[in-house]
Amino acid sequence: MQIKKFRAASLKDAINMMKEQLGEEAVVLSTKVYEGDLKLGKKKEFEITAGFDDEPKTKDFLIDDNEPISFPNSSKNFETELKKLTNKIYGAANQTKDKKPEKEIISAEKLKNKKAFSDFQEVIDILKYKEVDDLLINTIVNQLKKYSMFLNKENIDNYVLSTISSMIPTSEFKITKGKTPKTIALIGPTGVGKTTCIAKLAVISKILHNLDIGLISIDTYRLGALDQLKIFAEVSNIDFLVAYEPSEMKSLMQKLKKKDIVFIDTVGRSQKNTSLLKGINDYLNEVNIDEKYLVMSTTSTTKNMIDVADKFKSIKYDGFVFTKIDEAVTYGNILNVVNKFNTPIKYLTNGQVIPDDIIAADPDFIANLIYTGSTSS
Ligand SMILES: Nc1nc2c(ncn2[C@@H]2O[C@H](COP(=O)(O)OP(=O)(O)O)[C@@H](O)[C@H]2O)c(=O)[nH]1
Ligand SMILES: [Mg+2]
C-alpha cells in the first residue's frame, strides 16, 4: 500500500482531490486539522492521509484473487460498503468538532507498520453456529482479509455485518396509483404464512397508505384457508373474490379493475408435485401479475428452502418473503438461499399479529439478524 497526503480548505475538497488523483479505490487512513492563524494570513486547512494500492491488488491485500464476488441483485456494493465503514472508523467523521484539532486519529505510519489482523476463527465459529454455508463463510472471510490492515478485535464485527449486508439483495415495495391495479401473488408451500402475510400487507396498504385493495383467492383446496381470508376480508371491509377455475381469473380481475392493489392468495403446494405447481401457473397465467413472491419459513432448513426455491422456479417469482423469524433459532439459511437464487427479499414476518408482525426487508437489519440473531431493529 502507498500513502499520499492531501491538503485543502475543507475535508470534502481534500477527499475530492484524493479521489481525482488516486481514484475511487483510495481510502482515508487518517485526518488532521491545521488551525489557521489570521494574523499570519494562514487559513485553516484539512489534511488527509490517503492509502492506495500501488498495483491493482497486491498479494497482501487480496488473499484469494479467484474468489467470485457477485451478489447480482444486492443494492449494496461490497467494496463501497467496506470503504465507507473504513472511512467511518478511521476517517474524518466529526473532525471539525474536534476540540483538539491537531490530534491524529491514527497515523499512517502506525498503520503501515501494524500487523495485519489474522484471527478470523471466532467469526468463522459464529457464522458456522448460525448455519451459514461453509463456502459463504469462506467468501466472507476472504473479503475481510482484504481489509486485514484495518481490522481489530473491536471493529471486526462491524466489518462482518457490512460484508453480510452487502450480500443481501432486497427490493422496495413501491405502489404508485396507476390506471390499472398492481397485482401481487404469493406462492409457496403449505403453512408457511402466505395468507397471513397477504392479510398484513392488505391492512397496511389500506389503513396506512389509504389504498383501495382487492383480494383474489385461488385457495380452493383447503376450505379452512378460504374461510380464513374471507372472514378477514369481511372484517376489514376489503373486496374478496374466489377463483374456482383458471378461466374465471380474467373476469374477477375485471371486477377489481378500479383497485390500487390486488393481492392473489394461492393454495400451498408441495414443491415435490410438479403438476400441482403447474395448476397454480394455469391460474396466474390468465392475467397480468406484476410481482410474485415466494414465501418460505425461516424455521425450515437450508436444504428444504433451496429445494422449494428451485422447484417453484416454474412459477417465475420476483421476490422472497421469509416468515416466522420469531420462531427460528438461526438465520444463516436466509443468506444461503438468497445467495444461490438471484432474487431480492421483500419482507420478513415475525409473528401472527395482523398487521404488526411484518418488516420491510433491509440489508442491515437482515445482516444483524443473521450474525447476532437479534430480531429487533
Ligand atoms: N410465529 C409465526 N407464525 C406465523 C407467521 N406467519 C404466519 N404464521 C402462522 O402460521 C400458520 C399458517 O399461516 P397461513 O397464513 O395460513 O399459511 P399459508 O398456508 O401459507 O397460507 C398460521 O397459524 C399463522 O398464524 C409468523 O411470522 N410467525
Ligand atoms: Mg393460505
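User: What ground rules apply before I look at any feature?

Analyst: Residues are numbered from 1 along each chain as its sequence is written, and chains are lettered from A and ligands numbered from 1 in the order in which they are written. Because the model is predicted, local features need pLDDT of at least 70 and side-chain atom pairs count only at pLDDT 80 or more, while totals for chains, interfaces and linings use all residues; side-chain values use heavy atoms, with hydrogens and water left out.

User: How do I read a sheet, and in what order do the eight strands come?

Analyst: Helices (H or I, at least four residues) and strands (E, at least two) are DSSP runs numbered from the N terminus, and two strands pair if DSSP finds at least two bridges between them. Here the eight strands make an open sheet with mixed pairing, ordered β6-β5-β7-β4-β8-β9-β10-β11. The edges are β6 (239-242) and β11 (358-360); each has a single partner strand, so one side of each is left without a neighbour in the sheet. From one strand to the next, the twist averages 20°.

User: Which residue in β9 is the bridge partner of L294?

Analyst: That partner is F320. Strands β8 (residues 291-297) and β9 (residues 319-323) are parallel, paired over five bridges.

User: Which helix lies across β8 and β9?

Analyst: Angles run from 0 to 180 degrees between N-to-C directions, with axes fitted to C-alpha atoms (for helices, over the stretch in contact), and contact means heavy atoms within 4.5 Å. Helix α11 (residues 302-311) lies across the pair, at about 160° to β8.

User: Where is the three-strand sheet's pairing to be seen, and which strands stand at its edges?

Analyst: This open sheet has the order β1-β3-β2 and antiparallel pairing. At its edges stand β1 (2-8) and β2 (27-34), each with a single partner strand. Seven bridges join β2 to β3 (residues 45-52), and S30 has T49 as its bridge partner in β3. Helix α1 (residues 11-22) lies across β1, β2 and β3, at about 140° to β1.

User: What does a nonpolar core look like, and how many residues has the largest one?

Analyst: In soluble globular proteins, nonpolar side chains tend to be buried together. Buried means under 20% relative accessible area, exposed over 50%, and partly exposed in between (1.4 Å probe, protein chains only). A nonpolar core is a set of buried Ala, Val, Leu, Ile, Met, Phe, Trp, Tyr and Cys residues joined through side-chain atoms within 4.5 Å. The largest here has 69 residues, and I164, I216, F320, F322 and L348 have the most contacts inside it. Helix α13 (residues 363-372) gives the most to this core, with six residues.

User: What does F320 touch?

Analyst: Leaving aside neighbours within four places in sequence, F320 is in contact with several residues, including L294, M296, A309 and F341.

User: Is G332 buried or exposed?

Analyst: G332 counts as buried because its relative accessibility is 0%. G332 lies in helix α12 (residues 332-340), and touches K130, E131, V132 and I370, not counting residues up to four places away in sequence.
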